[in-house]
Amino acid sequence: MSQANQQTAYDDNNIFAKMLNGDIPCHKVYEDDKTLAFMDIMPQAEGHVLVIPKQKAVDLSDLEPEYAAAILMTSKKIMQAQRQVFERDGIVQMQLNGAQAGQTVFHYHVHLIPSSIHELGRHAAIEVDHEKLAETAKQLAAVIEA
Ligand code: 5GP
């Protein structure tokens, strides 16, 4: 049977769109003209960061090349900061395309998780203390700015 495009249409009210509009807060780590990086509130390990494009993209199929490049450059900055702050080399880069893959927020995003594929916590399951998230965001941001 055909698996023809069952992709969700972009919803302007998705939670990450609201962050980009400034309608809801996030623990920001880094921002430039094409990307925003912030702490995941239900992390799969301490220091779990999400990187999103300032483009209306549901998943990888929608991502324009200039935003794809910007996402990678920002991801590299975040990963370098995570390596320094968490004193570990291993950073999982993950990205889910479509509900069938487990995607839950339909604005393209890259997960950067200081962990191992063998040790990842449950996906989008347990909300953690926001004071701690704010502190980690500050630490990562300081390393990036340095
Ligand atoms: P996905 O399942 O789409 O790949 O990942 C969505 C991610 O967004 C999950 O890791 C989940 O924990 C995170 N998330 C869901 N709601 C919020 C929120 O309101 N704020 C933040 N910062 N992250 C969220």
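Student: Which residues is His-111 in contact with, leaving aside its neighbours within four places in sequence?
Tutor: In this predicted model, His-111 is in contact with Asp-40, His-48, Val-49, Leu-50, Val-92, Gln-93, Met-94, Gln-95 and His-123.
Student: And what joins the side chains of His-111 and His-48?
Tutor: A polar contact of 2.9 Å links those two side chains.
Student: Is His-111 buried or exposed?
Tutor: His-111 is buried, since its relative accessible area is 2%, and the cut-off for buried is under 20%.
Student: Where does His-111 sit?
Tutor: His-111 belongs to strand β5.
Student: OK, new topic: how many residues does helix α2 have?
Tutor: Helix α2 has 22 residues, running over 65-86. From first C-alpha to last it reaches 31 Å, close to the 32 Å expected at 1.5 Å a residue.
Student: Which residues of α2 are buried?
Tutor: They are Tyr-67, Ala-70, Ile-71, Thr-74, Ser-75, Ile-78, Ala-81, Gln-82 and Phe-86. Looking down the axis of α2, these buried residues fall within an arc of 135°, so they line one face of the helix.
Student: What do the buried residues of α2 pack against?
Tutor: Their partners are β1 (28-31), β2 (35-39), β3 (49-53), β5 (110-113) and α3 (130-145). One of these, β5, is the strand that holds His-111.
Student: Nice link! Which exposed residues are on the face of α2 turned away from its buried side?
Tutor: That face carries Pro-65 and Gln-84.
Student: Last one: what follows α2?
Tutor: Glu-87 does, and its phi is positive, near 50°.

Notes. Residues numbered from 1 in each chain as written. Predicted model: local features only at pLDDT ≥ 70, side-chain atom pairs only at ≥ 80, totals over all residues. Heavy atoms only, no water. Helix = DSSP H or I, 4+ residues; strand = E, 2+ residues; numbered from the N terminus. Expected span 1.5 Å × (residues − 1). Buried < 20%, exposed > 50% of the residue type's maximum accessible area, 1.4 Å probe, protein only. Arc of directions from axis to C-beta. Contact = heavy atoms within 4.5 Å. Polar contact = N/O pair within 3.5 Å; in protein donor to acceptor, adjacent residues only side chain to side chain.
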